[in-house]
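Subject: The model, and what turned up in it

Hello,

Here is the structure I promised to pass on. Please open it alongside this note, and then read on for what came out of it.

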Amino acid sequence: MPLVPNQFPRINPTYYKLAVIGECPGEQEEQMGVPFVGPAGNFLRAKLASTGMVEAQLFFGNICQSRPPRNELSNLSFDGPEIAHGLAQLTADLSTFRPNCLLLLGRATLRAFKPSICYDTKRGYQVPLDNWRGSI
């Protein structure tokens, strides 16, 4: 049966799940205890909602659960307790949510999930984040 415009098959909206993972909370996120609720987070949430995604399909989290000094993740050791605790919490949250896809935002987030693509061990330097921008 051919599809008529605006008559697409209905699917369970929770079937497709997207996890949006950032680096660390900003000021508003720290105050509210909820990731991605500052100006940039609200913009991202609105864009995702405009695609038809509903809250049940989305998970927002960070690799670090606490706001670093001067809001710079680089002020924390990547192997330190703040990020280790954050990654443990994030792992538990993702195990519960079970996303189909991860949207990784930032170098540290990419490094947490795929360390081998962020650092060239043969040449001994960091691989530019632009090399991975827009990749799947």
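Below is what was found, going from the whole chain down to single residues.

First, how to read the numbers. This is a predicted model, in which local features need pLDDT of at least 70 and side-chain atom pairs count only at pLDDT 80 or more, while totals for chains, interfaces and linings use all residues. Residues are numbered from 1 along each chain as its sequence is written, and side-chain values use heavy atoms, with hydrogens and water left out.

The overall picture

The protein has four helices and five strands; these are DSSP runs numbered from the N terminus, with helices (H or I) of at least four residues and strands (E) of at least two. Along the sequence they follow the pattern β-α-α-β-α-β-α-β-β. Of the 136 residues, 31% are buried (under 20% relative accessible area; exposed is over 50% and partly exposed is in between, with a 1.4 Å probe and protein chains only). The accessible surface comes to about 9,400 Å², and carbon and sulfur atoms hold 56% of that (Shrake-Rupley method, 1.4 Å probe; for residues, only the protein chains shown count as cover). Among contacts with a separation of 6 or more, 62% are between residues 24 or more positions apart, where contact means heavy atoms within 4.5 Å.

The cores

In soluble globular proteins, nonpolar side chains tend to be buried together. Here the largest nonpolar core has 14 residues, and Ile21, Phe59, Ile63, Cys64, Leu73, Leu90 and Leu94 touch the most other members. (A nonpolar core is a set of buried Ala, Val, Leu, Ile, Met, Phe, Trp, Tyr and Cys residues joined through side-chain atoms within 4.5 Å.) Strand S1 (18-22) and H3 each supply at least two residues of this core, and the largest share, four residues, comes from H3. Leaving aside neighbours within four places in sequence, Leu94 is in contact with Ala19, Ile21, Phe59, Pro99, Leu102 and Phe113. Apart from this core lies another, of eight residues, among them Leu18, Val20, Phe36 and Leu44.

The charged side chains

How many salt bridges does the structure hold? There are two, counting a side-chain nitrogen of Lys or Arg within 4 Å of a carboxyl oxygen of Asp or Glu.

One joins the side chains of Arg67 and Glu30, at 3.7 Å from N to O. This pair links distant parts of the chain, 37 residues apart: Arg67 is in the loop between strand S2 (58-62) and helix H3 (81-97), and Glu30 is in helix H1. Both partners are partly exposed, Arg67 at 31% relative accessibility and Glu30 at 46%.

The other is between Glu55 and Arg45, whose closest N and O atoms are 3.1 Å apart. Glu55 lies in the loop between helix H2 (39-50) and S2, and Arg45 lies in helix H2, so the pair ties together parts that are ten residues apart in sequence. Glu55 counts as exposed, at 55% relative accessibility.

Now have a look at Glu29, in helix H1 (residues 27-32). Glu29 is buried yet has no salt bridge, and the nearest side chain of opposite charge, Arg67, is 7.0 Å away. (Lys and Arg count as positive, Asp and Glu as negative; His and the chain ends are not counted.) What does lie by the side chain of Glu29 is the backbone nitrogen of Gly38, 3.1 Å from one of its polar atoms. Beyond its neighbours within four places in sequence, Glu29 is in contact with Val34, Pro35, Phe36, Val37 and Gly38.

Some loop residues

Asn71 lies in the loop between S2 and H3 and is partly exposed, at 33% relative accessible area. Its C-alpha is 8.0 Å from that of Glu27, although the two are 44 residues apart in sequence.

Arg70, in the loop between S2 and H3, has a positive phi, near 55 degrees, without being a glycine. Arg70 is exposed, at 69% relative accessibility. Arg98 is not a glycine and has a positive phi of about 55 degrees. Arg98 sits in the loop between H3 and strand S3 (101-104) and is exposed, with a relative accessible area of 62%.

Definitions and conventions:
A polar contact is a pair of N or O atoms within 3.5 Å; within protein, one must be able to donate a hydrogen and the other to accept it, and residues adjacent in sequence count only if both atoms are side-chain atoms.
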